[in-house]
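Trainee: Could you show me how to read ligand sites in a structure? I would like to go through them step by step.
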Amino acid sequence: MPTMELKHPLIEHKLAILRSKTTGTKEFRELIKEISMFLCYEAMRDAKLEKAEIETPIEKMKTKKLDEDKYAFVPILRAGMGMLDGVISVIPNAKIGHIGMYRNETTFEPVNYFFKVPKGIEKREVIILDPMLATGGSAIDAIDLLKSKGVKKIKFLCIIAAPEGIKKVEEKHPDVSIYCACIDKKLNQNKYIVPGLGDAGDRIFGTK
Ligand code: PRP
Ligand code: URA
């Protein structure tokens, strides 16, 4: 599936506040959470439901339910943690793994420093979380790691994506669907997304 961009006036409105340099940590976190909920909603459009029987106060009915246990969210540390609250409020019983990665500031290559995923990860659908898809290096390495553990179905959720990063991920992992709130213009010479929102990790955690 080609990269899916959430195109909606509410998302555009929320992104405008999120991107603004005057938006503080509290509001920034809240907006990342809200947009992540919408991304998760969209990413679950192809979810397979299982038959179920329930009883309403009025009568019994046949219906369908999601087996939430089949899903695992994997935020890429640090910034991906900001998206976790939002997606967990949509699928509260999903499992959670963590991949620690930072971008070397001179080579812009990702460095992996942590990897911990739930047992039986190879049988779950894995939804990777990272607000920024810039060069695509971190996304590609995270997907490589998960595939090396036998994971077969992977989706990648981000808030803002650069065309350069999308192209790289699509070429290396054409089976992974990318969902983003907005595809921006380009990367600058420091490999930051333009216009972007700055450093997502620093803005979520207030580290700068
Ligand atoms: C940011 C972002 C991604 C990565 C994207 O993380 O959260 O993980 O950069 O860049 P790429 O597509 O070029 O690989 P960063 O290295 O700033 O670490 P942090 O989350 O700890 O702030
Ligand atoms: N990481 C960020 O946090 N922001 C960017 O624009 C690129 C990478």
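**Reading two ligand sites**

Mentor: Let's begin with a contact: a polar side-chain atom of Arg78 lies 2.9 Å from an oxygen atom of ligand 1. Keep in mind that this is a predicted model.

Trainee: Which other polar atoms lie close to an oxygen atom of ligand 1, at 3.0 Å and 2.5 Å?

Mentor: For such pairs, look for N or O atoms within 3.5 Å. Here a polar backbone atom of Ala79 is 3.0 Å from an oxygen atom of ligand 1. Thr135 uses its side chain instead, with a polar atom 2.5 Å from a ligand 1 oxygen. On its own, ligand 1 exposes 500 Å², and the protein buries 90% of that.

Trainee: Where does ligand 1 sit, and which elements give two or more residues to its shell?

Mentor: Ligand 1 sits in the largest pocket. The elements that supply two or more shell residues are strand 6 (98-103), strand 9 (132-133) and helix 4 (137-148). In total, 15 residues surround ligand 1, and the closest are Arg103, Asp130, Ala134, Thr135 and Ser138. Sorted by class, that shell has six nonpolar, five polar and four charged residues.

Trainee: Is Asp202 buried or exposed?

Mentor: To decide, compare the relative accessible area with the cut-off: buried means under 20%. Asp202 has 12%, so Asp202 is buried.

Trainee: Now for the other ligand. Which residues are around ligand 2?

Mentor: The neighbours to look for have a heavy atom within 4 Å. Around ligand 2 they are Arg103, Met132, Ala134, Lys191, Tyr192, Ile193, Gly198, Asp199 and Ala200. By class, this shell holds five nonpolar, one polar and three charged residues.

Trainee: Which backbone atoms lie 2.8 Å from an atom of ligand 2?

Mentor: Take the ligand atoms by element. A polar backbone atom of Ile193 is 2.8 Å from an oxygen atom of ligand 2, and a backbone N or O atom of Ala200 also lies 2.8 Å from a ligand 2 oxygen. For Gly198, a polar backbone atom is 2.8 Å from a nitrogen atom of ligand 2. The protein covers 88% of the 230 Å² of accessible area that ligand 2 has on its own.

Technical notes
Residues numbered from 1 in each chain as written. Chains lettered and ligands numbered in written order. Predicted model: local features only at pLDDT ≥ 70, side-chain atom pairs only at ≥ 80, totals over all residues. Heavy atoms only, no water. Polar contact = N/O pair within 3.5 Å; in protein donor to acceptor, adjacent residues only side chain to side chain. Areas by Shrake-Rupley, 256 points an atom, 1.4 Å probe, with all protein chains shown as cover. Nonpolar A, V, L, I, M, F, W, Y, C, P; charged D, E, K, R; others polar. Buried < 20%, exposed > 50% of the residue type's maximum accessible area, 1.4 Å probe, protein only. 1 Å grid on protein atoms, 1.4 Å probe; cavity = no way out; pocket = protein on both sides within 12 Å on 5 of 7 lines; lining within 4 Å. Sits in = over half its atoms within 2 Å of the grid points. Helix = DSSP H or I, 4+ residues; strand = E, 2+ residues; numbered from the N terminus.
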